[in-house]
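User: I would like to learn how to read charged side-chain contacts and strand pairing from a set of atoms. Could you take me through them step by step?

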Amino acid sequence: MRFTYCPHCGTKSGKKEIGDEGTIPFCEKCNIPLWDMFTTSIIAAVVNEQNEIALLRQNYVSATKYVCVAGVMKIGESAEETVVREIKEEIGLDVESVQYIKSYPYEKKEMLMLGYKAVVKKGDFQLSREVDSAAWVKFEDALARLREGSIAWQLVKEVIDAGIE
């Protein structure tokens, strides 16, 4: 999000040179810089003890390709707490461990996605309303079911290539 008006007082922002950051929006009335903002979210490669990954179908995302569990962080929630909550909400499984992999900027949606590997015990899925279907997929078959180059594809590839167990 880029600010045209100050979110604190509603005054139209101006521009001001801020150190090494260059010229950015600035509220003269509040005397504060208005840094561009983005949504922070998580994306998780959910794996089980049988070297399988949980892939989801969400028709509002893609009618042909699978995705990973993902969701927006809530205020006051850590990224790791978001991973646990989203996995429970979307596929009904309890997380045993969480490992940070890397971050992925998603400019199209002005998001920063924090990528994690989450380990669960293999179980039946209990899907939320936003998930059309889910499947356990062997590591060697997973990348073909994801859109090549997508953030989910990059994360799954990273998890598989690193042999993170």
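This is a predicted model: local features need pLDDT of at least 70, side-chain atom pairs count only at pLDDT 80 or more; totals for chains, interfaces and linings use all residues.

User: How many salt bridges does the structure hold, and which residue forms one with Lys122?

Analyst: The general idea is a distance test, in which a side-chain nitrogen of Lys or Arg has to lie within 4 Å of a carboxyl oxygen of Asp or Glu. In this structure there are 9 salt bridges, and one of them joins Lys122 to Glu52, with 2.9 Å between the closest N and O atoms. Because Lys122 sits in the loop between β8 (111-120) and β9 (133-138) while Glu52 belongs to strand β5 (residues 52-57), this pair ties together parts that are 70 residues apart in sequence.

User: Which residue in strand β9 is linked to Glu52 in strand β5?

Analyst: Lys138 also forms a salt bridge with Glu52, the closest N and O atoms being 4.0 Å apart. Here too the pair links distant parts of the chain, since Lys138 lies in strand β9 and Glu52 in strand β5, 86 residues apart.

User: What separates Arg85 and Glu89 within helix α1?

Analyst: Arg85 and Glu89 form a salt bridge whose closest N and O atoms are 3.3 Å apart. Both lie in helix α1 (residues 79-91), and because they are 4 residues apart, about one helical turn separates them. Arg85 is buried, with a relative accessible area of 16%, while Glu89, at 38% relative accessibility, counts as partly exposed. Salt bridges with shared partners join Glu77, Arg85, Glu86 and Glu89 into one network.

User: Turning to the strands, what is the order in the open sheet of 3 strands?

Analyst: The order is β1-β2-β3, and the pairing is antiparallel.

User: How many bridges join strand β2 to β3, and which residue stands opposite Ile32?

Analyst: Strand β2 (residues 22-27) is joined to β3 by 2 bridges, and these strands run antiparallel. Opposite Ile32 in β3 stands Cys27.

Key:
Residues are numbered from 1 along each chain as its sequence is written. Side-chain values use heavy atoms; hydrogens and water are left out. Buried means under 20% relative accessible area, exposed over 50%, partly exposed in between (1.4 Å probe, protein chains only). Two strands pair if DSSP finds at least two bridges between them.
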